[in-house]
Amino acid sequence: MTTARPTAVIILAAGEGTRMKSATPKVLHRIGGRTLLGHALAAARGSNAESVVVVVRHDRDRVAAHATEVDPAAIIADQDEVKGTGRAAECGLLVLPAGVSGTVLITSGDTPLLTAETIAALFDAHTTAASAVTVLTARVPDPSGYGRILRDEDDSVLGIVEHKDATDEQRAITEINSGIWAFDAAVLRAALEEVGTDNSQGEKYLTDVLAIARDGGHRVGAHLIDDLWQTEGVNDRVQLATLGRELNRRNNERWMREGVTIVDPATTWIDADVTIGRDATILPGTQLLGATSIGPDARIGPDTTLTDTEVGEGAEVKRTEANLAQIGAQATVGPYSYLRPGTVLGVKGKIGGFVETKNATIGDGAKVPHLTYAGDATIGEGANIGAGTIFANYDGVAKHHTTIGKHSFVGSDTVLIAPVDVADGAYVAAGSALTGDVEPGQIAVARGRQKNVDGWVARARAGTPTAEAAQAATDAGTRHTESPVDPTDTEQKA
């Protein structure tokens with residue numbers, strides 16, 4: 001097995017991308033949970049290159065900061081005022097050790113579907129053929145706008161002609177230049193010294209290296225790939241969406257082939273860094289974003305968005321939004337639940353309908369079933385939180401914590417005014433506004449005594465249907481009177 005590997009991958013990310021019409025540099029736009037540059041960095045690093053270089057210029061500080069955030073080992077190279085891909089590659093070479101040798105690969109920061117495997121295959125083809133220059137190419141149905149690959153009778157590469165400079169015969173060629181290259185480092189360095197800017201754009205073109213190398217007696221080759229999508233770059237928002245859709249299709253297909261059921265791939269979006277266990281089921285309208293992890297046999301959706309969330313084996317999450325949350329094995333969440341950062345739900349725990357949680361640890365088998373806000377809370381194993389409970393964690397200045405002990409019970413419509421501590425095995429009566437701690441085995445009742453005021457309706461609501469109903473019940477000597485129902489009165493029946 002060969003141990004050879006590329007000396008470097010140089011990613012060209014200096015352009016502004018004016019057609020994006022955005023204050024954000026083109027390479028920082030996102031698809032599949034990563035920036036375009038993030039995808040390029042992942043592919044470059046996956047090729048096992050000794051060094052990865054990112055060439056920057058437009059909005060230099062933002063692009064450089066993002067590159068080092070994604071790949072701290074990446075080397076940043078600054079392109080100067082000289083324009084063109086040739087100058088960008090030259091600036092990339094300058095940050096490598098003097099006299100560097102071996103194979104240097106050039107990729108682009110805006111080709112997000114290019115894979116590490118394709119970069120490695122380009123490297124292998126280049127070194128196997130002992131070429132000085134190898135260009136990655138593809139055949140496209142409509143090559144308009146692309147540089148065409150010119151070959152001679154023995155199929156070797158003669159050069160590249162840009163669309164605007166091509167003859168009618170050359171424009172009929174469907175093999176195009178992807179802008180992705182493998183070079184012998186010494187040949188590239190020497191050729192770039194000869195490349196000038198005497199052209200209509202005043203730029204130093206990387207494509208000029210091919211002809212210089214060939215004229216110098218060096219071998220020039222092409223590595224043709226069938227997967228056109230890997231050569232596609234992003235220049236505007238339409239292309240961004242198109243490549244995003246294709247990337248998502250590939251992500252979905254990959255997971256289905258790994259044993260995941262995706263009921264409706266057209267409405268399911270899965271980011272590149274998501275992981276999913278075998279026999280999980282993803283229902284329509286689901287988005288799995290960021291570094292979300294789904295365990296085996298879990299059931300996610302429909303209409304669910306999980307961001308950087310961990311879901312355990314056999315859990316069920318439906319019609320839920322969760323961010324930076326942990327959901328334990330065999331737990332259930334939803335429908336219409338909102339799990340904010342810091343939510344941890346234990347094994348077989350439950351977060352039910354219209355429940356919002358934040359910075360809350362909910363123990364194994366504990367239940368928060370209905371209409372509850374639980375913020376800054378610890379809820380012990382097996383505890384039950386009644387419907388409509390509010391963990392009042394904010395006093396207008398600071399947040400405070402509430403603890404509910406193991407197998408304790410909080411009645412419906414309770415307000416827990418933090419900080420409070422309900423011990424293990426305690427009860428809080430429904431409708432309480434709790435401001436103090438509860439000891440083990442106690443029941444806390446924190447509500448006003450009921451007071452019924454006779455005659456209030458007759459005095460305060462005279463002439464209303466309520467007053468009439470009250471009077472009728474009083475006259476009949478009963479608590480409730482029956483109203484005659486007209487079977488032809490559809491409005492009353494409804």
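Tutor: P335 sits in the loop between strand 24 (332–333) and strand 25 (337–339). In this predicted model, the peptide bond that joins G334 to P335 is cis, with omega at about 5°. A cis bond also links G301 and P302, again with omega of about 5°. P302 belongs to the loop that runs between strand 18 (299–300) and strand 19 (305–307).

Stay in that loop for a moment. D303 is also placed between strand 18 and strand 19, and its phi is positive, about 55°, although D303 is not a glycine. D303 counts as partly exposed because its relative accessibility is 44%. N359 is another non-glycine residue with a positive phi, here about 50°. N359 lies within a strand, strand 28 (residues 356–362). With a relative accessible area of 37%, N359 is partly exposed.

D271 is found between strand 13 (269–270) and strand 14 (275–276). D271 is buried and yet has no salt bridge; R30, the nearest side chain of opposite charge, is 7.2 Å away. What does the side chain of D271 reach at 2.8 Å? The backbone nitrogen of G290. Leaving aside residues up to four places away in sequence, D271 touches G32, G33, N251, L288, L289 and G290.

N251 is among the residues that lie nearest the centre of the second largest pocket, together with R34, H39, T115 and L247. The lining of this pocket has 17 residues, and its volume is about 400 Å³. Helix 1 (36–46), helix 4 (116–128) and helix 8 (237–257) each give at least two residues to the lining. Helix 8 supplies the largest share, 4 residues.

Side chains of opposite charge can pair when their charged atoms come close. How many salt bridges are there in the model? The count is 20. One of them is between R45 and D71, 2.9 Å from N to O. This pair links distant parts of the chain, since R45 is in helix 1 while D71 is in the loop between helix 2 (60–70) and strand 5 (75–78), 26 residues apart. R45 is partly exposed at 31% relative accessibility, whereas D71 is buried, with a relative accessible area of 8%.

D59 makes a salt bridge with R62, and their closest N and O atoms are 3.1 Å apart. D59 is partly exposed at 27% relative accessible area, and R62 is partly exposed too, at 38%. R87 and D80 form another salt bridge, with the closest N and O atoms 2.4 Å apart. Is R87 buried or exposed? R87 counts as buried because its relative accessibility is 16%, under the 20% cut-off. Elsewhere, salt bridges with shared partners join D227, E246, R249, R250, E253 and R257 into one network.

Terms used
Residues numbered from 1 in each chain as written. Predicted model: local features only at pLDDT ≥ 70, side-chain atom pairs only at ≥ 80, totals over all residues. Heavy atoms only, no water. Buried < 20%, exposed > 50% of the residue type's maximum accessible area, 1.4 Å probe, protein only. Lys, Arg positive; Asp, Glu negative; His and termini not counted. Salt bridge = Lys/Arg side-chain N within 4 Å of Asp/Glu carboxyl O. Polar contact = N/O pair within 3.5 Å; in protein donor to acceptor, adjacent residues only side chain to side chain. Contact = heavy atoms within 4.5 Å. 1 Å grid on protein atoms, 1.4 Å probe; cavity = no way out; pocket = protein on both sides within 12 Å on 5 of 7 lines; lining within 4 Å. Points joined across faces, edges and corners; volume = space filled by probe spheres on them.
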